[in-house]
Amino acid sequence: MSWNTLSFAARRWLLPFFLLALIVALWLSPHCPDCNSLAWESDPAIARVGKECIRLSDYANRLRLVGAGIEYAERELPADDPEMSGWRVRHERVLSYGPETAALAGAVRDSALYQRAVADGHTPSADEVSAVRDRERLRSEGLVDLIELVKLAQAHDEAGFTELLEESSHPDYAISSENSTPSMLMSALAQNDWRLLEQSFEEGEANLESIGRERYWRQILPEKLRREMAISMLESAILHTGADGPDGPYAEIPRLAWLAYQQEALEQVSIKLTAAAPSTVSADRALAFLAEVLTQEQGELSEEYRRLLQRRDERRRSTPPPPLQVSD
């Protein structure tokens with residue numbers, strides 16, 4: 001039967017039916033945003049991971065942190081300490097793949113896990129996010145006070161130092177009666193790398209100014225905390241159920257269950273770069289980087305478990321058996 005042989009009434013009803021079927025099919029299909037359509041905004045999307053777009057600002061911030069990690073490792077990481085061999089492997093991997101790939105890989109990993117967390121119902125409430133944000137803001141204010149106290153101490157301004165100290169109460173940064181004089185505070189800070197702390201503070205202040213302080217506290221930080229808390233809730237759930245009973249494969253090392261979960265999630269994730277993506281990044285290299293990271297973490301945990309079993313066997317062999325109980 002052809003279209004021409006259908007009656008006028010049949011043709012009249014078939015067209016609305018086809019339109020309805022098309023609408024239903026589009027509605028049921030998974031929503032994948034067109035991240036390229038965001039490419040010309042001030043904060044363009046550089047990639048789509050599953051159903052999420054990765055923004056350039058997130059990538060740039062991760063790249064800055066990766067760069068700081070490289071500088072710290074090259075300055076502080078000992079070359080001949082066997083206990084630090086794992087950290088050296090991580091550092092060399094970042095150098096091999098490049099900080100750009102490491103930054104994209106971190107964004108991909110978080111995006112994939114966050115989407116899993118939301119799909120499984122692991123999302124914090126608005127009040128929980130606000131409470132953590134408020135604590136972070138208090139810590140930030142405490143760091144500002146600490147920086148100002150050090151400047152006053154270095155200037156030998158004891159009057160200004162005492163006045164600010166009385167107004168401040170931030171134990172996270174050792175501002176207390178135990179450091180009630182400039183010399184006491186500087187002595188306490190001498191054990192830390194004060195130059196590095198001051199540099200980090202100045203970079204953080206510059207970053208806040210560039211994106212806007214109120215926007216950071218009202219929008220950017222809450223979104224960042226929401227994602228981190230959701231992933232943490234997902235991890236707790238996997239660790240709780242991953243042991244699969246006392247005889248399960250992860251009973252004594254449930255963290256391997258979390259690593260296996262991540263591996264499965266990343267094997268199924270799809271990455272598509274946009275026109276705004278930096279030319280130095282590659283989706284395939286980011287996934288290869290993550291595969292090596294998970295393989296190393298799994299190997300380190302397996303080795304730790306092997307040593308645990310070895311120490312347990314040694315204790316059992318060295319412990320004499322209990323005396324036999326002879327009944328009357």
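Trp 258 and Tyr 261 sit three residues apart in helix H10 (residues 255-268), so about one helical turn separates them. Keep in mind as you look around that this is a predicted model.

**Aromatic pairs**

What arrangement do the rings of Trp 258 and Tyr 261 take? Their centres are 5.9 Å apart and their planes meet at 15 degrees; because planes under 30 degrees apart count as stacked, this pair is stacked. Both Trp 258 and Tyr 261 are buried.

The structure has three aromatic pairs in total. Another of them is formed by Tyr 97 and Phe 289, and this one is edge-to-face. Tyr 97 belongs to helix H3 and Phe 289 to helix H11, so the pair ties together parts that lie 192 residues apart in sequence. Tyr 97 and Phe 289 are both buried as well. Here are the two pairs side by side:

| Pair | Centre to centre | Angle between planes | Arrangement |
|---|---|---|---|
| Trp 258 and Tyr 261 | 5.9 Å | 15 degrees | stacked |
| Tyr 97 and Phe 289 | 5.4 Å | 85 degrees | edge-to-face |

**The disulfide**

Next, the cysteines. A disulfide is a covalent bond between the sulfur atoms of two cysteines. The structure holds one disulfide, and it joins Cys 35 to Cys 53 with an S to S distance of 2.0 Å. The link of Cys 35 and Cys 53 is left-handed, with -90 degrees about the S-S bond. Cys 35 lies in the loop between helix H1 (8-28) and strand S1 (45-49), while Cys 53 is in strand S2 (residues 52-55), so the pair ties together parts 18 residues apart in sequence.

Is Cys 35 buried or exposed? With a relative accessibility of 3%, Cys 35 counts as buried, because buried means under 20%. Cys 53, at 24%, is partly exposed.

**A pocket and a helix**

Rolling a probe the size of a water molecule over the atoms shows where empty space is left. The second largest pocket holds about 300 Å³ of space. Which helices each supply at least two residues of its lining? They are helix H3 (85-97) and helix H11 (283-318). Among the lining residues are Trp 87, Arg 90, Leu 301 and Arg 307. By type, the lining divides into three nonpolar, two polar and five charged residues.

Finally, take a look at helix H4 (residues 99-119). Just after H4, Gly 121 takes a positive phi of about 85 degrees.

How values were computed
Residues are numbered from 1 along each chain as its sequence is written. This is a predicted model: local features need pLDDT of at least 70, side-chain atom pairs count only at pLDDT 80 or more; totals for chains, interfaces and linings use all residues. Side-chain values use heavy atoms; hydrogens and water are left out. Helices (H or I, at least four residues) and strands (E, at least two) are DSSP runs, numbered from the N terminus. On a 1 Å grid over the protein atoms alone, a cavity is a set of points where a 1.4 Å probe fits but cannot get out, and a pocket is an open set with protein on both sides within 12 Å along at least five of seven lines; lining residues have an atom within 4 Å of a point. Grid points are joined across faces, edges and corners, and a volume is the space filled by probe spheres set on the points. Ala, Val, Leu, Ile, Met, Phe, Trp, Tyr, Cys and Pro count as nonpolar, Asp, Glu, Lys and Arg as charged, and the others, Gly among them, as polar. A disulfide is a pair of cysteine sulfur atoms within 2.5 Å. Buried means under 20% relative accessible area, exposed over 50%, partly exposed in between (1.4 Å probe, protein chains only). Rings of Phe, Tyr and Trp (its six-membered ring) pair if their centres lie within 6.5 Å; planes under 30 degrees apart count as stacked, over 60 as edge-to-face and the rest as tilted.
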